[in-house]
Amino acid sequence: MAKVIGIDLGTTNSCMAVVEAGEPTVIVNSDGGRTTPSVVSFSNTGERLVGQAAKRQAVLSPDRTISSIKRKMGTRDTTTIDGKDYTPEQISAMILSKLKEDAEAYLGEPVTQAVITVPAYFDDTQRTATKQAGEIAGLEVLRIINEPTAAALAYGWKSEKKEATIMVFDLGGGTFDVSILDVEVGTEERDAYQVLATSGDTRLGGDDFDERIIDYIAGEFQKENSVDLRKDRQALQRLKEASEKAKCELSSQVTTTISLPFITSVDGEGPKHLEMTLTRAKLEELIGELIGKTKVAVQDAMKEAGLGYGEVDEVILVGGSTRIPKVQELTKEMSGKDPRKGINPDEVVAVGAAIQAAVLGGDESQDIVLMDVTPLTLGVETLGDVMDSVIPRNTNIPTRESRTYSTATDMQTTVEVHVLQGERPRASQNKSLGRFHLTGLPPAPRGMPQVEVTFDIDANGILNVSAKDKATDKEQSITITGSGQLSDDDVNRMVDEAEKNAAEDAAFKELADARNQGDSAAYGLEKTLNELGEKIAEPEKASIKEKIEALREAVKGDDAAAIRAAMDAANEEFSQVSQRMYEQAAAETGPQPEPGPEAEGAGVGATEAPGQAEAGDDVIEGEFEAEDN
């Protein structure tokens with residue numbers, strides 16, 4: 001049976017895992033890393049880079065590099081590169097495609113199914129966008145699950161079996177969630193994980209901490225040098241990387257030095273260098289307000305779950321930003337418990353997703369059942385700009401609820417169902433997920449028609465809404481996609497584009513390899529030709545030079561097959577001259593004795609012309625590098 005992988009599609013970094021022989025294992029990517037930067041970059045030559053290679057490119061081409069795309073999921077915000085617009089779903093699909101390829105290389109088999117995690121506070125449009133990104137990448141997304149829930153699965157797997165109330169504090173690169181879960185052991189021979197409450201902020205995370213550091217450093221530099229580094233894209237990118245590094249270092253030490261030589265230059269004054277010491281105390285001052293926002297979310301979740309101080313049994317930290325000592329102090333202050341740190345916070349969500357993937361893939365050894373919740377209230381707009389709640393927040397999913405409504409005016413034959421998500425009593429203050437119309441109602445006085453509206457949320461947290469007139473049984477329904485989502489046609493088109501791009505990327509790599517090998521072969525042949533000097537007759541030398549020049553011209557073109565043909569022709573020409581030289585040398589020295597036992601194997605490959613390059617040889621040096629695909 002094909003493996004189903006678990007993917008933590010993160011704002012800053014992504015991670016993937018799989019259950020093998022009953023054990024969850026983090027999948028190492030092609031760069032040898034256990035996490036992959038969620039970064040996409042487009043080189044000036046048209047090559048698409050994903051992961052570590054894209055992150056390295058960010059310094060040189062910040063305007064052609066895309067990061068933190070997760071924050072735009074569920075919106076229509078696009079990124080334009082070389083005149084082409086890319087949606088957040090497409091960029092996320094490029095990251096997922098990279099993870100898929102690396103997983104296939106690691107497992108040695110095709111990967112077609114996955115479980116993908118999202119922040120608990122992602123709304124319906126953001127969840128749908130994530131699922132569509134997986135489809136564009138060629139993955140069947142079996143389930144979308146909440147990141148805190150996945151983390152609880154990872155900690156509960158094969159640990160000491162006990163009932164407990166768990167707080168999962170998830171502070172990643174771009175999002176923050178806190179969830180309260182109840183774990184019941186042995187329910188019908190399974191462990192049950194039920195989410196009691198969730199709260200958070202989809203625009204709060206390590207990126208925001210970095211921005212505070214950047215603003216502080218840039219402000220101090222501007223005071224001294226009258227130069228705003230934030231207006232220089234390359235200087236800003238270097239400053240971003242240094243700020244992130246300083247933040248990480250201050251989790252384990254109390255001071256760090258930020259050193260950026262030649263950060264910028266000023267006319268008449270020459271280059272400027274940045275050298276500054278940042279203390280942990282200053283960092284805590286800069287991000288104190290942001291950390292304070294997490295405290296409010298914790299209070300809301302505990303109140304919703306009906307818990308007070310000390311009533312949480314365990315605290316689990318998820319996300320790299322939870323390494324900050326001040327964050328750990330806050331979680332202990334709020335819960336009264338020291339947080340558990342048994343699993344790498346960067347990997348714990350992917351491990352949990354892999355466990356859920358194994359369950360959905362039919363692995364009977366994974367004896368768990370997962371009960372998640374919807375993070376926000378769902379309802380419809382009624383007369384007077386009022387939102388009527390149909391499914392309250394923190395309701396267990398999957399779920400189905402119905403409400404009956406009537407018309408607002410006499411002889412009304414059409415009703416509009418406006419679906420909303422949020423916690424405000426006024427409809428206009430909540431997020432609109434979509435609208436549809438139920439037509440053909442029989443004319444009747446207002447208040448008489450009975451229209452039943454049904455909300456159905458599946459296990460992925462994705463919503464379907466239907467409306468039916470009880471008198472005529474006329475019905476209309478939609479799967480909520482909202483104004484920020486892609487249509488089915490959009491998704492299918494992007495799937496086709498992704499497949500086309502995969503072919504184009506393969507062709508690009510083939511051409512780059514051919515150019516590298518052709519250039520190396522031309523250099524080697526010319527070098528050997530010069531070294532042999534007068535040992536080669538002028539007519540032969542001229543013929544070889546002609547073939548080398550033809551090879552160099554082919555390398556300038558865009559035809560990989562033509563480059564390889566020119567390389568074969570040059571090698572063949574040199575091989576014929578080389579063979580003649582050896583035959584002539586043998587004739588001049590006379591018959592040679594048979595080699596003794598001690599000489600066996602000597603000279604293997606000696607008939608191969610010096611400087612020749614086979615078409616399949618790897619070329620390390622050159623303009624194109626095979627590792628940065």
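Begin by selecting the open sheet of 4 strands whose order is β20-β19-β23-β24, paired in the antiparallel sense; here strands (E, at least two residues) and helices (H or I, at least four residues) are DSSP runs numbered from the N terminus, and two strands pair if DSSP finds at least two bridges between them. At the edges are β20 (386-391) and β24 (431-438), each of which pairs on one side only. Neighbouring strands in this sheet are turned by 30° against each other on average, direction ignored, where axes are lines fitted to C-alpha atoms, for helices over the stretch in contact, and angles run from 0 to 180 degrees between N-to-C directions.

Before going further, note that this is a predicted model, in which local features need pLDDT of at least 70 and side-chain atom pairs count only at pLDDT 80 or more, while totals for chains, interfaces and linings use all residues. Residues are numbered from 1 along each chain as its sequence is written, and side-chain values use heavy atoms, with hydrogens and water left out.

**Inside the first sheet**

Now select β19 (residues 378-382) together with β23 (residues 415-421), which pair in the antiparallel sense over 3 bridges. Within this pair, V380 has V419 of β23 as its bridge partner.

Step back to T377, which lies in the loop between β18 (368-373) and β19. T377 counts as buried because its relative accessibility is 9%, buried meaning under 20% relative accessible area, exposed over 50%, and partly exposed in between (1.4 Å probe, protein chains only). Leaving out residues up to four places away in sequence, T377 touches several others, among them M387, S389, L420 and G422; contact means heavy atoms within 4.5 Å.

From there move to G422, in the loop between β23 and β24, which also counts as buried, at 10% relative accessibility. Apart from neighbours within four places in sequence, G422 is in contact with L376, T377, M387 and N430. If you also select D123, you will find it 9.3 Å from G422, C-alpha to C-alpha, although the two are 299 residues apart in sequence.

Next, select the open sheet with the order β6-β5-β7, whose 3 strands pair in the antiparallel sense. Because β6 (48-50) and β7 (65-67) each have a single partner strand, one side of each is left without a neighbour in the sheet. Neighbouring strands of this sheet are turned by 15° against each other on average, direction ignored. Strand β5 (residues 39-42) pairs with β7 over 3 bridges in the antiparallel sense, and V39 stands opposite S67 in β7. Helix α2 packs on this sheet, touching β5, β6 and β7, with its direction at about 105° to that of β5.

Follow α2 (residues 88-107) along its 20 residues: from first C-alpha to last it reaches 28 Å, close to the 28 Å expected at 1.5 Å a residue, the expected span being 1.5 Å times one less than the number of residues. This helix is mostly covered, with 16 of its 20 residues buried. Just after α2, look at G108, which takes a positive phi of about 75°.

**A hairpin**

Select β2 (residues 13-20) and β3 (residues 23-26), which pair in the antiparallel sense over 4 bridges, with E20 opposite E23 in β3. The two strands form a hairpin with 2 residues between them, and A21 in the turn has a positive phi of about 50°.

**Two further helices**

Helix α4 (residues 147-156) is largely enclosed by the rest of the structure, because 10 of its 10 residues are buried.

Then select α6 (residues 233-249), where the buried residues are A235, L236, Q237, L239, A242, S243, A246 and K247. These buried residues pack against α5 (206-225), β15 (255-266), β16 (270-279) and α7 (280-304). At its N-terminal end, α6 is capped by D232, a side-chain oxygen of which lies 3.2 Å from the backbone nitrogen of Q234; a polar contact is a pair of N or O atoms within 3.5 Å, where within protein one must be able to donate a hydrogen and the other to accept it, and residues adjacent in sequence count only if both atoms are side-chain atoms.

**The whole protein**

Finally, show everything: the protein has 12 helices and 27 strands, and 50% of its 629 residues count as buried.
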